[in-house]
Amino acid sequence: MEPILITETYDCPGITLDQENNIFQITGRSLPEDVYTFYDPIIVWMTEYAKQPNPETVFDFKFIYFNTATSKIILDILTLMEQMNETGHKVLVRWHYLKDDEDMKDAGEEYSGMVEVPFELISHQI
Amino acid sequence: MVPEEFNSGYLNFVYDFYKTMKAKEIKIVYEGVITHQIIKAFIALSEAQMEQTGESARVQRIVFHVMVECLQNISKHACPVNNNESEKSRGIFLVSRQTEYFCITTGNIIVSENIQKLKGALDQVNSLNRDELTELYKHQMKEGRISEKGGAGLGFIDIGRKTGNPLEYSFLNVSETHSFFVLTIRVSRET
């Protein structure tokens, strides 16, 4: 599949979805003007990828901020990871947060309880 | 030369306005159409102001979040009287810094038919504790469809649990069909 490479901006995250190099990550802030327009291609790509994923998929979430409209999209992505997991593919979600950002840590914990996917919470020094 | 309008009370108005803003520590005030560009400008401005006054990282993050959610609400839901397109997404927006709180206030016109629904959502948030709000949030994320306007009904719930303060609101009847909806969110400053 053609990779998706989006450069991070003030209000939209950087996104890499690259099957060949096995890199899957979202990084930065997410408060797009229209979550649908921004994330539709991502969901379409991931849905397609989930049909024939790599033997092992590690998805790194490195959000600094996301709005509530984005939170639903994150769950959609995680649900696709769950499907891969159910069809016997190895998956791992790595949820990164800044050490002092309790809310971002809590969000990771909440998501990890909502989907059947191996989840790692990774704290970073500022 | 002093413009004509300054002689007719305008100068006094500006000075009174200046004094009020200073006294009430109003950091940002805006009336007009709220576009995505304006939202970005305000959150950047507010970030810079908070950085300067040395607010804690958590307070900064919560104020940022409340601003994003409230402003995106107006840009998506504010409804013009008489279906005047140029009045769409229009509202007033205020941020003030008090000793113990940041106050983020928005005001916008809504169709009065929506009052009950809105009031129901706000009262529900105000009646729940943090854990209950988290459960409701998770439930809404799973079950709630994102509306065509892009909101998922999650904003109020998340503001409630992140600030830990009640959502203060009121509705003012402005015509037979429309009302002015005012919402104030307090974000406690850590001292």
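Reader: What makes N22(A) exposed?

Author: In this predicted model, N22(A) has 12 other C-beta atoms within 10 Å. A residue counts as exposed if 12 or fewer lie within that distance, so N22(A) is exposed.

Reader: Where is N22(A) found, and how far is N22(A) from P3(A) in space?

Author: N22(A) is in the loop between β2 (14-18) and β3 (23-30) of chain A. N22(A) and P3(A) are 10.0 Å apart from C-alpha to C-alpha, with a separation of 19 residues in sequence.

Reader: Why is α1(A) called roughly parallel to α2(A)?

Author: Helix α1 (residues 35-51) and helix α2 (residues 68-86) of chain A pack at an angle of about 5°, and their axes are 10 Å apart. Angles under 35 degrees count as roughly parallel, so α1(A) is roughly parallel to α2(A).

Reader: Which residues of α1(A) and α2(A) meet?

Author: From α1(A) come V35(A), Y39(A), I43(A), M46(A), T47(A) and A50(A). They meet A69(A), T70(A), I73(A), D76(A), I77(A), L80(A), Q83(A) and M84(A) of α2(A). By class, the residues of this contact are 10 nonpolar, three polar and one charged.

Reader: Why is α2(B) called roughly antiparallel to α3(B)?

Author: In chain B, helix α2 (residues 36-52) packs against helix α3 (residues 57-77) at an angle of about 160°, with the axes 10 Å apart. Angles over 145 degrees count as roughly antiparallel, and therefore α2(B) is roughly antiparallel to α3(B).

Reader: In which hand does α2(B) pass α3(B), and which residues meet there?

Author: The crossing of α2(B) and α3(B) is right-handed. On the α2(B) side are H36(B), I39(B), F42(B), I43(B), S46(B), E47(B) and M50(B). The α3(B) side has Q60(B), V63(B), F64(B), M67(B), V68(B), L71(B), Q72(B) and S75(B). The contact of α2(B) with α3(B) holds nine nonpolar residues, five polar and one charged.

Reader: How many residues does each chain give to the contact between chain A and chain B?

Author: Chain A gives 19 residues and chain B gives 20 residues. On the side of chain A, the elements that give two or more residues are α1, α2 and α3 (102-114). The largest share, five residues, is that of α2(A). The side of chain A that touches chain B has eight nonpolar, three polar and eight charged residues.

Definitions and conventions: Residues are numbered from 1 along each chain as its sequence is written. Chains are lettered from A and ligands numbered from 1 in the order in which they are written. This is a predicted model: local features need pLDDT of at least 70, side-chain atom pairs count only at pLDDT 80 or more; totals for chains, interfaces and linings use all residues. Axes are lines fitted to C-alpha atoms, for helices over the stretch in contact, and angles run from 0 to 180 degrees between N-to-C directions. Helices (H or I, at least four residues) and strands (E, at least two) are DSSP runs, numbered from the N terminus. Angles under 35 degrees count as roughly parallel, over 145 as roughly antiparallel, 65 to 115 as roughly perpendicular and the rest as oblique. Two residues are in contact if their C-beta atoms, placed from the backbone, lie within 7 Å. Ala, Val, Leu, Ile, Met, Phe, Trp, Tyr, Cys and Pro count as nonpolar, Asp, Glu, Lys and Arg as charged, and the others, Gly among them, as polar. A crossing is left-handed if the near helix is turned anticlockwise from the far one by less than a right angle, and right-handed if clockwise. A residue is buried if 20 or more other C-beta atoms lie within 10 Å of its own, exposed if 12 or fewer, and partly exposed in between; C-beta atoms are placed from the backbone.
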